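Here is a short report for a reader meeting this structure for the first time. Start with the view below, then read on.

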Amino acid sequence: MANVTSVTEFLLVGFSNVHKLQTVYGMLFLVIYLAALMSNLLIVALITLDLQLQTPMYFYLKNLSLLDVFLVSVPIPKFIVNSLTHNNSISILGCAFQLLLMTSFSAGEIFVLTAMSYDRYVAICCPLHYEVIMNRDACALMASASWAIGGLFGTVYTAGTFSMPFCGSSVIPQFFCDIPSLLRISCSETLIIIYTSIGVGTCLGMSCFICIVISYIYIFSSVMKIPTTKGQSKAFSTCVPHLIVFTVFVITAYFVYLKPPSNTPSAIDRLLSVIYTVIPPVLNPVIYSLRNSDMKRALMRFLKTTDGQEALFI
């Protein structure tokens with residue numbers, strides 16, 4: 001039998017072995033993380049406090065922002081601490097929790113994005129029945145199902161991955177624990193469980209993608225029937241950004257979680273990981289909400305209310 005060494009912890013390579021560059025990367029990601037955190041929490045606060053934003057569209061935006069906050073808070077703080085302390089180690093338990101939370105929140109985000117496309121389909125294609133179809137109970141059910149199925153998928157995915165023994169190299173050439181790297185250092189000869197999980201994940205992702213494509217086929221058909229250019233432009237402005245963000249998120253998530261393991265991960269793999277973990281939480285508030293006139297008015301009302309309360313205490 002071959003002599004193998006059991007792995008007790010992993011080493012996250014990150015982007016550089018030079019201490020000065022590690023510090024630079026740590027500070028850069030700290031700024032990006034704080035920007036993503038504050039912008040998404042601002043959206044959650046505005047939608048929660050403003051009565052005029054109590055609609056299905058903004059309800060799903062709030063869920064999306066919460067998922068973005070949780071998703072970016074799993075790998076980035078650990079990477080920042082590792083970069084500033086120049087310690088790249090992570091325990092097996094820490095890696096398992098990181099994988100569990102990232103896969104759960106990622107799957108939940110895909111389902112919420114799918115629910116958002118259905119909301120836009122009902123709003124544009126069935127406007128007279130919108131309030132009946134997208135009632136409070138239906139919205140709560142779809143949001144709860146998105147979180148629950150995401151958590152279930154993350155649990156199965158993580159359990160399948162860490163049911164395998166790891167031996168040999170403990171180096172993960174990423175700034176967080178990812179499936180391809182863990183498969184590469186696995187010494188298990190049978191990967192039935194993990195490949196079954198990958199197959200399930202692929203089917204779920206493709207199902208969501210197909211549902212969104214079908215929704216947008218009907219949406220664009222209805223939009224083209226709008227007689228005025230202004231009406232068409234307004235309808236497109238609420239749909240196209242969602243489609244772009246979903247496509248980018250799914251493609252990058254595929255390369256992070258579902259691509260075959262490689263012995264020599266490239267810089268492109270790390271770039272896609274950054275795009276997947278950092279870009280959506282930063283851009284989603286800009287694309288979906290902060291450019292939205294309703295959100296701007298809600299922000300102005302919130303600032304006026306805050307100023308008024310401060311004036312009472314002076």
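Which hand does the link of Cys95 and Cys177 have about the S-S bond? The link is left-handed, with -140° about that bond.

## About the model

This is a predicted model, in which local features need pLDDT of at least 70, side-chain atom pairs count only at pLDDT 80 or more, and totals for chains, interfaces and linings use all residues. Residues are numbered from 1 along each chain as its sequence is written, and side-chain values use heavy atoms, with hydrogens and water left out.

## The disulfide

A disulfide is a covalent bond between the sulfur atoms of two cysteines. Here the term is given to a pair of cysteine sulfur atoms within 2.5 Å. The whole structure holds one such link. Cys95 and Cys177 form the disulfide, with 2.1 Å from S to S. The two cysteines come from distant parts of the chain, 82 residues apart. Cys95 sits in helix 4 (residues 92–125), while Cys177 is in the loop between strand 3 (171–172) and helix 7 (179–184). Helices (H or I, at least four residues) and strands (E, at least two) are DSSP runs, numbered from the N terminus.

Are Cys95 and Cys177 buried or exposed? Both are buried. Buried means under 20% relative accessible area, exposed means over 50%, and partly exposed lies in between (1.4 Å probe, protein chains only).

## Cysteines without a partner

Cys126 is in no disulfide. Its nearest cysteine sulfur belongs to Cys125, 6.0 Å away. Cys126 is partly exposed, at 22% relative accessible area.

Cys211 is partly exposed, at 41% relative accessibility.

## The chain as a whole

The protein chain has twelve helices and three strands. It has 314 residues, and 43% of them count as buried. A contact means heavy atoms within 4.5 Å. Among contacts with a separation of 6 or more, 79% join residues 24 or more positions apart.

The chain exposes about 16,100 Å², and carbon and sulfur atoms supply 70% of that area. Accessible areas come from the Shrake-Rupley method with a 1.4 Å probe; for residues, only the protein chains shown count as cover.

Helix 1 covers residues 19–49, 31 residues in total. From its first C-alpha to its last it reaches 44 Å, close to the 45 Å expected at 1.5 Å a residue. That expected span is 1.5 Å times one less than the number of residues. The buried residues of helix 1 include Phe29, Tyr33, Asn40 and Ile47.

Asp50 lies in the loop between helix 1 and helix 2 (56–73). Its side chain meets that of Arg301 in a salt bridge (2.9 Å, N to O). Arg301 is in helix 12 (residues 293–313), so the pair ties together parts that are 251 residues apart in sequence. Asp50 is buried, at 10% relative accessible area. Arg301 is partly exposed, at 29%.

## Salt bridge count

A salt bridge is a side-chain nitrogen of Lys or Arg within 4 Å of a carboxyl oxygen of Asp or Glu. By this rule there are two salt bridges. One of them joins Asp119 and Arg120 (3.0 Å, N to O). Both of these residues are buried.

Asn82 belongs to helix 3 (residues 76–85). Asn82 is buried, with a relative accessible area of 5%. Leaving out residues up to four places away in sequence, Asn82 touches Leu12, Asn87, Asn88 and Ser89.

His86 is in the loop between helix 3 and strand 2 (89–91). Its phi is near 60°, a positive value in a residue other than glycine. His86 is partly exposed, at 31% relative accessible area.

## A surface patch

Which residues make the nonpolar surface patch of about 630 Å²? They are Met206, Phe209, Ile210, Val213, Ile214, Ile217 and Tyr218. Patches are made of residues with over 30% relative accessible area and no salt bridge: like charges are joined within 9 Å, and nonpolar side chains (Val, Leu, Ile, Met, Phe, Trp, Tyr) within 5 Å. Met206 lies in helix 8 (residues 192–224). Met206 is partly exposed, at 43% relative accessible area.
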